[in-house]
Amino acid sequence: MSEIANHESPHQASSSCGSSDRSDIKISRQAVIGSGVKALQQIGSAAICTICIGYGGSCCYGCRHLADGIGCRQRNTSCTAWLCGFLKLLLLETGLLEEWNDYWDQVPGQDFRKDFTPDEFFMNRPLRLPNLRRLSEALADDLKDLEDAHIANGFILTLREKIDKNIDLLEGYRGNAIKQNRMRKNIAILSSPFYRFQQELRDYRRSDPVR
Ligand code: SF4
Ligand code: SF4
């Protein structure tokens, strides 16, 4: 694990990138991982991960590459690309989820907790995400309060899975406005207890009306 995130599920992008055209640039696997790590730092994922891990939600749990006191010993493209429900929500609500997915769809060879990504390959789209730390810190505070307020252990982890599922369905129902609306409503209900996050989101959208 890095300071950012641990990942227990594969982000199974089925990219077939590898062919090149004039606009493609050659990039190394390590550079791609570096870009992903930098982007996650930029959006402030560490604040959310700290709370999630503190309540037993580490997505690296049980992974053989995780070493005590060291973290992930085998960072790969798959785990870097993978997002849990909380991080998906952060990018969805700021209009950046598609950008994230489009970037990683260019990266071949992603698998579960490992990759078969070539040392070098071609891409034509960079990954540039804005600083979302105010939003992620707000969400982290909300998550802490929510977990502390609920007797049942793991409340936020169940919430994370529900949000994740609904965002995946939202993407899967592309082209079906009725089902997409239903998913959007579900996501709004699930994220309604995130008061600080919602406030920061309003401020973010006001300052960036394009989103
Ligand atoms: S917040 Fe998400 S990425 Fe971070 S540790 Fe929890 S499940 Fe993993
Ligand atoms: S390889 Fe294992 S320890 Fe490393 S980020 Fe992925 S799940 Fe976590």
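Here are some questions and answers about this predicted model.

Visitor: Let's start with the overall make-up. How many helices and strands does the chain have?
Guide: Happy to begin there. From the N terminus on, the elements run β-α-α-β-β-α-α-α-β-α-α-α-α. In total, the secondary structure comes to 9 helices and 4 strands.

Visitor: What share of the residues in the chain is buried?
Guide: A residue counts as buried here if 20 or more other C-beta atoms lie within 10 Å of its own. Of the 211 residues in the chain, the buried ones make up 36%.

Visitor: Among contacts with a separation of 6 or more, what part comes from residues 24 or more positions apart?
Guide: A contact here joins two residues whose C-beta atoms lie within 7 Å. Of the contacts in the chain with a separation of 6 or more, the part from residues 24 or more positions apart is 82%.

Visitor: Now the strands. Which residue in S4 is the bridge partner of Ile25?
Guide: Strand S1 covers residues 25–28, and it pairs with S4 in the antiparallel sense over 4 bridges. S4 itself spans residues 120–123. Within S4, the partner of Ile25 is Met123.

Visitor: Which residues of S4 lie on its covered face?
Guide: The strand has two faces, and the uncovered one carries Glu120 and Phe122. The covered face holds Phe121 and Met123.

Visitor: Is Ala39 buried or exposed?
Guide: Ala39 sits in helix H1, residues 29–43. Leaving out residues up to four places away in sequence, Ala39 touches Leu127 and Leu129. Ala39 has 22 other C-beta atoms within 10 Å, so this residue is buried.

Visitor: How far apart in space are Ala39 and Thr80?
Guide: In sequence, Ala39 and Thr80 are 41 residues apart. In space, the C-alpha to C-alpha distance between Ala39 and Thr80 is 9.9 Å.

Visitor: Which way do H2 and H6 run, roughly parallel or roughly antiparallel?
Guide: Helix H2, residues 45–54, packs against H6 at an angle of about 15°, with the axes 7 Å apart. Angles under 35 degrees count as roughly parallel. H2 and H6 are therefore roughly parallel.

Visitor: How many nonpolar residues are there in the contact of H2 with H6?
Guide: From H2 come Ser45, Ala47, Ile48, Thr50 and Ile51, which meet Ser136, Glu137, Leu139, Ala140, Leu143 and Lys144 in H6. By class, 3 of the residues in this contact are polar, 2 are charged, and the nonpolar ones number 6.

Visitor: And how does H6 run relative to H9, roughly parallel or roughly antiparallel?
Guide: H6 (residues 133–149) and H9 (residues 195–207) pack at an angle of about 165°, with their axes 7 Å apart. Angles over 145 degrees count as roughly antiparallel. So H6 is, relative to H9, roughly antiparallel.

Visitor: How many charged residues are in the contact of H6 with H9?
Guide: On the H6 side are Arg134, Leu135, Ala138, Leu139, Asp141 and Asp142, meeting Tyr195, Arg196, Phe197, Glu200, Leu201 and Tyr204 in H9. The contact has 7 nonpolar residues and no polar ones, while the charged residues number 5.

Visitor: One last residue. What is the phi of Arg113?
Guide: Arg113 lies in the loop between helix H5 (97–104) and S4, and is buried, with 22 other C-beta atoms within 10 Å. Most residues other than glycine have a negative phi. Arg113 is not a glycine, yet its phi is positive, at about 60°.

Key: Residues are numbered from 1 along each chain as its sequence is written. Chains are lettered from A and ligands numbered from 1 in the order in which they are written. This is a predicted model: local features need pLDDT of at least 70, side-chain atom pairs count only at pLDDT 80 or more; totals for chains, interfaces and linings use all residues. A residue is buried if 20 or more other C-beta atoms lie within 10 Å of its own, exposed if 12 or fewer, and partly exposed in between; C-beta atoms are placed from the backbone. Two strands pair if DSSP finds at least two bridges between them. Axes are lines fitted to C-alpha atoms, for helices over the stretch in contact, and angles run from 0 to 180 degrees between N-to-C directions. Angles under 35 degrees count as roughly parallel, over 145 as roughly antiparallel, 65 to 115 as roughly perpendicular and the rest as oblique. Ala, Val, Leu, Ile, Met, Phe, Trp, Tyr, Cys and Pro count as nonpolar, Asp, Glu, Lys and Arg as charged, and the others, Gly among them, as polar.
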